[in-house]
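Here is a short briefing on one protein model.

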Amino acid sequence: DLIKVGFHSEDGSGGPVFVKFTDPPQYRIGFCISDWVTFTNMPVEDIRVWTITKTATSLALVCNGVEIFNYLFSTSTYTNCVSKWSGDMVTIKFMTIDYTDDIDNASDKYRAKPTVCTGLPESWTGVTNRNSVPGI
């Protein structure tokens with residue numbers, strides 16, 4: 001079984017992340033790591049909840065609360081790894097349709113991290129009409 005998640009920026013940068021459930025499980029990061037890398041600390045539970053976090057400098061994978069890897073793009077031997085992955089990603093897709101054999105057949109569900117509201121500016125307190133919001 002395989003998880004394949006594609007990250008895409010507005011300019012087409014980004015790439016796929018692969019997790020292959022072989023014995024032992026392995027991963028790969030498109031445009032950064034071409035060979036399969038074996039996980040050294042994979043949780044053993046049958047049900048796994050994955051969290052993928054991408055910043056401008058790294059890609060981290062957490063499984064059931066355990067950080068599996070935190071890959072720094074600058075450590076890649078591939079010259080386009082940083083340029084492909086450092087930008088803002090506008091879409092994330094589980095790649096279940098492909099013209100190759102490496103499609104995602106292991107993902108059951110996806111949930112985006114909820115957006116947290118930190119509150120309204122004090123000057124907006126009690127405002128009920130958009131037209132009366134200061135600064136708009």
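Contact here means heavy atoms within 4.5 Å. By that cut-off, and leaving aside neighbours within four places in sequence, S9 is in contact with D88, M89 and V90. The model is predicted, so local features need pLDDT of at least 70, side-chain atom pairs count only at pLDDT 80 or more, and totals for chains, interfaces and linings use all residues. Residues are numbered from 1 along each chain as its sequence is written, and side-chain values use heavy atoms, with hydrogens and water left out.

- S9 is found in strand β1, residues 2-9. Strands (E, at least two residues) and helices (H or I, at least four) are DSSP runs, numbered from the N terminus.
- S9 counts as buried because its relative accessibility is 10%. Buried means under 20% relative accessible area, exposed over 50%, and partly exposed in between (1.4 Å probe, protein chains only).
- The S9 side chain makes a polar contact with the side chain of D11 at 2.4 Å. A polar contact is a pair of N or O atoms within 3.5 Å; within protein, one must be able to donate a hydrogen and the other to accept it, and residues adjacent in sequence count only if both atoms are side-chain atoms.
- The S9 side chain also reaches the backbone nitrogen of S13, at 3.0 Å.
- S13 lies in the loop between β1 and β2. S13 is buried, with a relative accessible area of 14%.
- Not counting residues up to four places away in sequence, S13 touches F7, H8, S83, K84 and M89.

**Nonpolar core**

- The largest nonpolar core has 21 residues, of which I29, C32, F39, F69, Y71 and W85 touch the most other members. Elements giving two or more residues to this core are β1, β2 (14-20), β3 (26-29), β6 (58-63), β7 (66-72) and α1 (81-85).
- Such a core is a set of buried Ala, Val, Leu, Ile, Met, Phe, Trp, Tyr and Cys residues joined through side-chain atoms within 4.5 Å.
- Beyond four places in sequence, F39 touches V19, P25, Q26, Y27, L61, I68 and F69.

**Strands around β3**

- β2 and β3 run antiparallel, joined by 4 bridges. Strands pair if DSSP finds at least two bridges between them.
- These two strands form a hairpin with 5 residues between them. V17 has I29 of β3 as its bridge partner.
- β3 also pairs with β4 (residues 33-38), antiparallel, over 3 bridges. Here I29 has I33 as its bridge partner.
- In the β3 and β4 hairpin, with 3 residues between the strands, F31 takes a positive phi near 70 degrees.
- Q26 and R28 point one way from β3, Y27 and I29 the other way, and all are buried.
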